[in-house]
Amino acid sequence: MQDALARLRDETLAQIEAAIRLDEIEAARVAVLGRKGSLKQAMRQLKDVAPDERPAMGQLANEVKTAIVEALDARRKLIERAETQATDAAFDITLPGIHRPLGHEHPLRRTEAELREVFARLGFEVAEGPEVELEYYNFEALNIPADHPARDGFDTFYIEGDVVLRSHTSPVQIRVMEQRQPPIRVVVPGRVYRPDTPDATHSPVFHQIEGLVVGEGVTFADLKAVLTMAMRELFGPDTATRFRPSFFPFTEPSAEVDVSYAVNGEKRWLELLGAGMVHPKVFEAVGYDAERYTGFAFGMGIDRVAMLKYGIPDIRLFFENDVRFLEQF
Ligand code: FA5
C-alpha cells in the first residue's frame, strides 16, 4: 500500500504540474479526491493492512492528500493569475495605440498648388495638356524644326513614330491657342521629361508651370511685372530677380530668369525659368494675326521653386520617396 500511495502522489502531482487550464485542475481533483476518486479507493485498502501498520499508513495517506490539495491550490492560483493578466493586457488603456501613419502632401504638390494660387490672384486661369505628346506640338509648332540644333535643348524620350514625352509645358501654349482667340491669360502646371543626367538641380522627370498671355499691346514690361510680382509672392517681398538675355526658338526676345537666395549670408542665384515675347512664327502656327497681337510666355521649374522655398539642396530627394524626407513638410 505504501508503494501504491507513493505512485498515486507522484502521478497526480505530475498531472497537476502539467495542467494549463482550470478545468484540467478540476478534473484532476475529482479523479483523485472525489467520492469515487483514486485516493478514496486507496484508503479503502487500509482495512487490509496489518493493524500495527495502520496508523503509519493512515498518516501517509493524509500526507499524500495534503500534498495533492496544496499542489492543486497552488496550480489553480497560478493559472488564474495568468488568465487575469492576459485579459488585463488586452484592455490596458495605458498601452500606446496602434500607430497608423498619416500621409503627407508632397512638397512638389504643395508648391504647385501655391503657384496656381499666386497666378490666380494675378488673373490667370489654369489649363492642362497631355504628357504623351505629338512631336509637332513639342517642337515644330514652337518653331523648333527637325534637325535644328535648338532641338537638343528640348530633346526628349521617343515613344514611337511622332509620339514623344513632352520635354516642356510649352506645347500646351499651342493647344490653348488652337482652341480659342485672345485675350488669353493661362498657366499650365504639369510633369515633363528630359534625358538629362540626374544631379543636384536636374532630374529626368520634373515639373514646370507654363504661363501665356496674349492680347493687344502686351509688352515685355508686363512680363517683367508679372514675374517679379509672382516671385515676391512666392519668396517674400525682398526677393531679387535677374533677367539674363537668352534664346528660345518660340520667343523673341528671350530671357532666363534667376532668383536670389542666401547660403550662410552669401547671395546666390538659381535659374528658375525661361521667358520671352511670343515669336511671330508661333502665332502663325496657330493662325493668329501677328501684326495685331503680342504676348509673353514663361516656363518655370516647379521643383526648383520648391528647392528654394524649402531650402532643399538636392532635387533627387523629391523622387526617392523617403518618408523621413517627406514627413518634414
Ligand atoms: C523651357 O523648357 C522653355 N519651355 C521655357 C520657356 C517657356 C521659355 C515659354 C520661353 C517661353 P528650359 O529648358 O530653360 O526652358 O527650362 C525651364 C526651367 O525648367 C528651367 O529654368 C529650370 O527651372 C527647369 N528645368 C529644366 N531642366 C530641368 C531638369 N532636368 N530638372 C529640373 N528642372 C529643370
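Glu140 is partly exposed, with a relative accessible area of 33%. Its salt-bridge partner is Arg151, at 2.9 Å from N to O. The model is predicted, and it is divided into domain 1 (2-90) and domain 2 (107-326). Taken over C-alpha atoms, the centres of domain 1 and domain 2 are 89 Å apart.

**Salt bridges**

- The count of salt bridges comes to 22.
- Arg151 and Glu140 meet in a salt bridge; both lie in the loop between α6 (135-138) and β3 (158-160), so the pair ties together parts that are eleven residues apart in sequence.
- Arg151 counts as buried, at 10% relative accessibility.
- Arg29 and Glu26 form a salt bridge of 3.0 Å, N to O. They are three residues apart in helix α2 (residues 22-33), which means that about one helical turn separates them.
- Arg29 is partly exposed at 31%, and Glu26 is partly exposed at 35%.
- Asp23 and Arg21 are joined by a salt bridge of 3.1 Å, N to O. Asp23 is partly exposed, with 46% relative accessibility, and Arg21 is partly exposed, with 43%.
- A network of salt bridges links Arg109, Glu112, Arg116 and Glu128.

**Largest pocket**

- The volume of the largest pocket is about 560 Å³.
- The pocket is lined by 33 residues, and those closest to its centre are Arg194, Gln208, Phe248, Glu271 and Gly299.
- Elements that give two or more residues to this lining are β6 (205-215), β7 (241-248), β8 (251-263), β9 (266-278), β10 (294-301) and α10 (302-310).
- The lining residues comprise 14 nonpolar, twelve polar and seven charged.

Terms used
Residues are numbered from 1 along each chain as its sequence is written. This is a predicted model: local features need pLDDT of at least 70, side-chain atom pairs count only at pLDDT 80 or more; totals for chains, interfaces and linings use all residues. Side-chain values use heavy atoms; hydrogens and water are left out. On a 1 Å grid over the protein atoms alone, a cavity is a set of points where a 1.4 Å probe fits but cannot get out, and a pocket is an open set with protein on both sides within 12 Å along at least five of seven lines; lining residues have an atom within 4 Å of a point. Grid points are joined across faces, edges and corners, and a volume is the space filled by probe spheres set on the points. Helices (H or I, at least four residues) and strands (E, at least two) are DSSP runs, numbered from the N terminus. Ala, Val, Leu, Ile, Met, Phe, Trp, Tyr, Cys and Pro count as nonpolar, Asp, Glu, Lys and Arg as charged, and the others, Gly among them, as polar. Domain bounds come from an automatic or database domain assignment. A salt bridge is a side-chain nitrogen of Lys or Arg within 4 Å of a carboxyl oxygen of Asp or Glu. Buried means under 20% relative accessible area, exposed over 50%, partly exposed in between (1.4 Å probe, protein chains only).
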